[in-house]
Structures are given as structure tokens and as C-alpha cells.
Amino acid sequence: MDYISQLGENAKKVKAYITNASTEDKNHILSTIAVKLCSNTERIIEINKEDLANAKENGISDAMADRLRLTKERIEDMAAACRELISLKDPVGEITSGSIRPNGMRITKTRVPMGVIGIIYESRPNVTVDAATLCIKSGNAVILRGGKEAINSNKILMDIMREAISECGFPPDIVQLVCDTSRETSLAMMKANGYIDVLIPRGGKGLINAVVNNATVPVIETGSGNCHIYIDNTLDLDMAVNITDNGKTQRPSVCNALETCLVHKGIAEVFLPLLKERLDTHNVELRGCPVTISILGSSVKPATEEDYATEFNDYILAIKVVENIDEAIAHINKYSTGHSECIITKDLASAEKFQKETDSACVYVNCSTRFTDGNEFGFGAEIGISTQRLHARGPMGLNELTTFKYLINGSGQTRN
């Protein structure tokens, strides 16, 4: 039996333990994980430094290194997310609908775990904890495969969680880490039919396309975020600058960061110099259309078609001056990955039009795209941001990690 099949077999053997666990037992596991993360903070940080040093030797960018870095505050945030999951309603067993048929049969639709979830992700070690704990609360076993850049960090985090699970009287194989980060193990997970019930890729465009194009197991497509902001010609200038700055620079390496700013031609000469002044404090590289360059000067690089289609994950912002809201919406629907978009406007009709016609999972009016996050939406930690339509869209929390079962109760009914 190959490596991934063995992990799959391990998960199948123990999934019933977590599927049938009480809410109290699952919350006890989460509480124990939170305590152990905090008590092992220094150890986690020291091991994370090994990954950072290796990444630096391999020429990783500063923005991507930030995704990899674990600090005391970030570890505390992971523990806090575990505790928040405890406070959230357990979706398993929830009755979502029911009916009594004319023949007296009672039909009840109830939430149940998916079974064994596989997750392939890149260099953010916090995903290891977020994903595992969400799967625990939603009653699923999980097999995690992180990127090679974070392998040492992922191993220590997984060891801590498995230790907590064992202390709570459950088999540790309800959460497993793929320690072989070769391409072969990734491909094997994509074809692990009979072991993995659903596979969730979380990362950049290349990873997501590889999974979607190669997987034979069911896939929920998440992650890639070419996000836009449109600056309308009726707006609060300070708000527009602040929200664009926050969306681009607060954490540029994540999927809900802004990549393109579209500006109505009627406000461009006023807005763009203010935006450049703010973004210059973060050394953001601007790539603009000819009108943008004519306003801001030669320090702005000419934007290419590829720039408008790129998720930079870095201190780079593409800018385009547009005729009106219709051109902005058309641009977004052409280049967006369907993640998160924003309009800054004082006009209610423009806001409603933008939200109605922009075809993305999350569409904002006058607030930052950086809020596309399961925790910010009140879902607890998230498994990812789904950019598809089936069966989930947007931040995927506990409910999105369940499926349904119909329970039918009768009293001897037979069909004619």
C-alpha cells in the first residue's frame, strides 16, 4: 500500500470516533489544543525559524516570508480561534427541514460530517491548525498536505494537536499530516478515491489549477484572489484612500488583498495623487494605464494585460482609469478570480448595481476586502474561501464542512 493510501486507510479506520463524538468531547479536544499551542509557543517559534531560514536561502520574497512566519501573537491568534470554535454551534445533527408525507412517513433532513477531508495548501502554517480544528468541530477526519516551505512548522503543530487528541481519549489519526511534500504525494491525494471524500486546495492559482485539472476525487475550489476596488466619482476621498491602502498593504500576501484599483475618470486627477502619496510610504510599486501615468508620472510602470490578470501577493498594485461603473464591472468580471471586490461610493444606486452585477463570492461597499475571512464573518477559523458555486461559496466555516442525510421514519408503509 502506498503512502497516501495508508494515510487514507488510517483515516477511514478512525473517522467514526470523531463523526459520532459529542459536542462536549470535540470542544474538549479544541480546548486542549489551544492550551498546548500556548504552552509550546517558544518551541514552535524556534522550529519556525528553521523554515524561515531555508526559505530565505531559496530566495522567498518578504511578503511570502510573512505568510510563513509564526510569532507569539500569531500563535495566540491560533489558540483564540480554537476557543472561538468552542463557542460556535455544532452543525452536526442540526435538522434543517422536515415534512410528514400523506402516507404518514416522517422525513427529516439533518447535517452530518463529510467523512475524510483532504486539504492541500501552501506556505501558511496557521492553516494546519485552522483546518484541523474546523474538521474536528465538524466531525471530520482530515489529511493535511502543506507546502515544503513550512514542513518543520507543520510537523510540530501536528504533533501538538495529535498529542492533545490522544490526551482526550481519541485516536490521533483523526488528524494526519503528509510529511512527504513531493509532487507525487500531491497527485496521489488528488486520486485517492475511496479514501478522501472531498479535496480542498488552498493556495495560489497554480496549485488550484493543478488540483482542479488532475483530481478524480470531488474538489472544492478555493483560494486564488485577484481582488479589485472601484473608486466611484461620488465618494469620501479619505475613506477611499484608507480602504485601498488597507486592502493592499495591511497584509499583501493573502488572497483577500487588493491587486487592482479601478478609478472613475471624473475623480482620477484628485484621487490618484492622494493614493500614491499613501502607498509610497509602503514602497508599493504601481503599474498603470496611460491615463494613470499621465497623472502620476513616469514612476508608474505601464500596466500590461497580464498585470490585470495577476494575483501579485506583493507590494504591487495595478491601476486603471475607467469611463464609468459599467466599464469597471466589465473589467472585474473579465479578470477576477471570483473572490472579493469592493466599490467606494456615496451613491446608493451605484452600490446596489455593483453588488448585483459583480460576479464574485464577496462584494463590498465602502469597506476593505481584507474582511473576507471566516473569523471576521463570525464563522470561527476557515478552511478557505470558495470561489466556485457548488456546494459552498465564500468563507467556508463549519456548516460548509458538512453534508446532509435524510432520516425517514414510518409505521409499515409500502409503495403501491
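Q: Why does D245 count as buried?
A: In this predicted model, D245 has a relative accessibility of 9%. Buried means under 20% relative accessible area, so D245 counts as buried.

Q: Where does D245 lie, and what is it in contact with beyond its neighbours within four places in sequence?
A: D245 belongs to helix 10, residues 237-249. With those neighbours left aside, its contacts are Q250, R278, L279 and H282. Contact here requires heavy atoms within 4.5 Å.

Q: What makes helix 2 roughly antiparallel to helix 6?
A: The axes of helix 2 (residues 23-39) and helix 6 (residues 126-137) cross at roughly 160°. Angles over 145 degrees count as roughly antiparallel, and therefore helix 2 is described as roughly antiparallel to helix 6. The two axes come within 9 Å, and helix 2 passes helix 6 in a right-handed crossing.

Q: Which residues make the contact between helix 2 and helix 6?
A: Helix 2 contributes T23, K26, N27, I29, L30, I33 and L37. From helix 6 come V129, T133, I136 and K137.

Q: What is the place of L37 in the largest nonpolar core, and which residues does L37 touch?
A: The largest nonpolar core has 50 residues, and L37 is among those with the most contacts inside it, together with I117, I119, L144 and I383. Not counting residues up to four places away in sequence, L37 touches I44, I75, M78, A79, C82, V129, L157 and I160. Another core, of 33 residues, lies apart from it; C227, I231, V241 and I243 are among its members.

Q: What makes strand 5 and strand 6 the edge strands?
A: The open sheet has four strands in the order 5-4-3-6, with parallel pairing. Strand 5 (175-177) and strand 6 (198-202) each pair on one side only, and they are the edge strands. Neighbouring strands of this sheet are turned by 20° against each other on average, direction ignored.

Q: Which strands does helix 7 lie across, and at what angle does it run to strand 5?
A: Helix 7 (residues 151-167) lies across strand 3, strand 4 (141-145) and strand 5. Its angle to strand 5 is about 160°.

Technical notes. Residues are numbered from 1 along each chain as its sequence is written. This is a predicted model: local features need pLDDT of at least 70, side-chain atom pairs count only at pLDDT 80 or more; totals for chains, interfaces and linings use all residues. Side-chain values use heavy atoms; hydrogens and water are left out. Two strands pair if DSSP finds at least two bridges between them. Helices (H or I, at least four residues) and strands (E, at least two) are DSSP runs, numbered from the N terminus. Axes are lines fitted to C-alpha atoms, for helices over the stretch in contact, and angles run from 0 to 180 degrees between N-to-C directions. A nonpolar core is a set of buried Ala, Val, Leu, Ile, Met, Phe, Trp, Tyr and Cys residues joined through side-chain atoms within 4.5 Å. Buried means under 20% relative accessible area, exposed over 50%, partly exposed in between (1.4 Å probe, protein chains only). Angles under 35 degrees count as roughly parallel, over 145 as roughly antiparallel, 65 to 115 as roughly perpendicular and the rest as oblique. A crossing is left-handed if the near helix is turned anticlockwise from the far one by less than a right angle, and right-handed if clockwise.
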